[in-house]
Amino acid sequence: MNISFITAVLPVLLLLLFIYRKDALNPEPLGLLLLTFAVGCFSVLPASLLEGMLMPLAPGNPLMAAVFEGYVVAGFSEELCKLLLLMLVIWRSRHFDEYFDGVVYAAFLSLGFACIENLMYVLGSTDPMSTSIMRGLLAVPAHFLFAVTMGYYLSLAKFDPEHRGRHLLMALLLPVLLHGTYDSLLMVGSALGGDMALISGVLTVVFIFFDVKMWRWGLNRIKRMQERTKEQNFDSLHPFDGFTWDV
């Protein structure tokens, strides 16, 4: 098997295993997880079509174009397609019955997207090993963290119908903002190039800080959803805890 293929797919497999093991309390059915991953692979197609439609709208200024491409072309297109397809697959599923489920399914779908995208970049690169290492450390985990955010708010929307509209909006808006900021920091730094090395260096530092904060925020949301799921299961097993009779 081609070493480039292995290095492109390996970070995806590791993150799939990571989130699957976090769902130890009541694991999701493997068939539905694989379907969700496959739909994520497919989501590259509609996202690419939407990106192609939005790309001609980019402003002429290189810096403005970088921001537009980061937030609108990449961030909005990709996260919108992921969310719509994710809801199509799992929203009405009887298996989507716990808070942590939204995070798991969102991660599987987003990592399906990341897998195909990574293969396209790595196999099309003149230096596939360097590309796979950089994307394995940055791009693939970023898609995973965008998904944690999306799944977090999708679960809130599922189990808090009173505020469903607000949670669904956040399930799209926050991943778009995270994705757009991630891409824009890289694209603006690339657009500046060597002409403004100091600013490019500052942007690199900001990017590293942003990436670390994303990891901390994402892991915190995973922990919070695990705790909500435990509480949810406890309440279902002990429905009369805390109940008192009025005399």
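Trainee: Why is Y99 called buried in this predicted model?

Mentor: The relative accessible area of Y99 is 14%. Buried means under 20%, so Y99 is buried.

Trainee: Why is F159 called partly exposed?

Mentor: F159 has a relative accessible area of 24%.

Trainee: What makes the pair of F18 and F144 edge-to-face?

Mentor: Their planes stand at 75°, and an angle over 60 degrees counts as edge-to-face. The centres are 6.0 Å apart, and the limit for a pair is 6.5 Å. F18 belongs to helix α1 (residues 3-22) and F144 to helix α7 (residues 139-159), 126 residues apart.

Trainee: How do you know whether F18 and F144 are buried or partly exposed?

Mentor: F144, at 0%, is buried, because buried means under 20%. F18 has 28% relative accessibility and therefore counts as partly exposed.

Trainee: Why is the pair of Y99 and F159 called tilted?

Mentor: The planes of Y99 and F159 meet at 50°. Stacked requires under 30 degrees and edge-to-face over 60, so this pair is tilted. Y99 lies in helix α5 (residues 99-123) and F159 in helix α7, so the pair ties together parts 60 residues apart in sequence. Ring pairs also join Y99 and F159 with W91 and F96 in a cluster.

Trainee: How many helices and strands does the protein have, and what makes it as compact as a globular protein of its length?

Mentor: There are 9 helices and 0 strands. The radius of gyration is 20 Å, close to the 18 Å given by the globule rule for 247 residues, so the protein is as compact as a globular protein of that length.

Conventions: Residues numbered from 1 in each chain as written. Predicted model: local features only at pLDDT ≥ 70, side-chain atom pairs only at ≥ 80, totals over all residues. Heavy atoms only, no water. Helix = DSSP H or I, 4+ residues; strand = E, 2+ residues; numbered from the N terminus. Rg over C-alpha atoms; globule rule 2.2 N^0.38 Å. Buried < 20%, exposed > 50% of the residue type's maximum accessible area, 1.4 Å probe, protein only.
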